Amino acid sequence: MMTSADTELIRVIADPLRLRIVTLLAHETLCTTHLVRETGARQTNLSNHLRVLREAGVVETEPCGRFTYYKLRPEVIEALAATLGELAETARTTVETHRKRAC
């Protein structure tokens with residue numbers, strides 16, 4: 001069952017730039033400088049998106065000298081994937097059993 005937290009997480013990740021950031025961080029831990037270079041986004045815009053991702057629990061920070069590195073929290077993505085998988089299975093069962101509500 002989709003919770004409000006799941007809905008919020010989908011909203012957070014659905015933004016094209018945030019989805020790009022998540023995709024990049026799935027492959028390696030990166031600092032803001034790397035993410036600016038990879039996405040072409042302005043540093044201030046990127047920082048705002050990273051804040052949203054951090055507040056949603058999707059990424060976490062790792063200080064390294066004067067840089068801040070960002071890494072993806074895979075367990076958050078896995079939990080959302082499991083919820084979406086359950087939703088897909090429910091839909092599959094509904095289609096297979098031709099279940100529909102009478103008018």
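Start by selecting Val 76, Leu 80 and Thr 83, the buried residues of helix α5; buried here means under 20% relative accessible area, exposed over 50% and partly exposed in between, with a 1.4 Å probe and protein chains only. Helices (H or I, at least four residues) and strands (E, at least two) are DSSP runs, numbered from the N terminus. The model is predicted, so local features need pLDDT of at least 70 and side-chain atom pairs count only at pLDDT 80 or more, while totals for chains, interfaces and linings use all residues. Residues are numbered from 1 along each chain as its sequence is written, and side-chain values use heavy atoms, with hydrogens and water left out.

Now show all of α5, residues 74-97. Its 24 residues should span 34 Å at 1.5 Å a residue, and the end C-alpha atoms are 34 Å apart, which agrees; the expected span is 1.5 Å times one less than the number of residues.

Which helix do the buried residues of α5 pack against? Select α1: the buried residues of α5 pack against that helix.

To see the contact (heavy atoms within 4.5 Å), pick Arg 11, Val 12, Ile 13 and Ala 14 of α1 together with Pro 16, Arg 18 and Leu 19 of α2.

Next, look along the axis of α2. Colour Leu 17, Arg 18, Ile 21, Val 22, Leu 24 and Leu 25, which are buried. They cover an arc of only 165° around the axis, which puts them on the same side of α2; the arc is that of the directions from the helix axis to the C-beta atoms. On the other side of α2, Pro 16, Ala 26 and His 27 are exposed.

From here, jump to His 49 in helix α4 (residues 43-55). His 49 is buried, with a relative accessible area of 11%. Beyond its neighbours within four places in sequence, His 49 contacts Asp 15, Leu 17, Arg 18 and Ile 21.

Finish at Glu 60, in strand β2 (residues 59-64). Is Glu 60 buried or partly exposed? Glu 60 is partly exposed, at 33% relative accessible area. Not counting residues up to four places away in sequence, Glu 60 touches Tyr 69, Tyr 70, Lys 71 and Arg 73.
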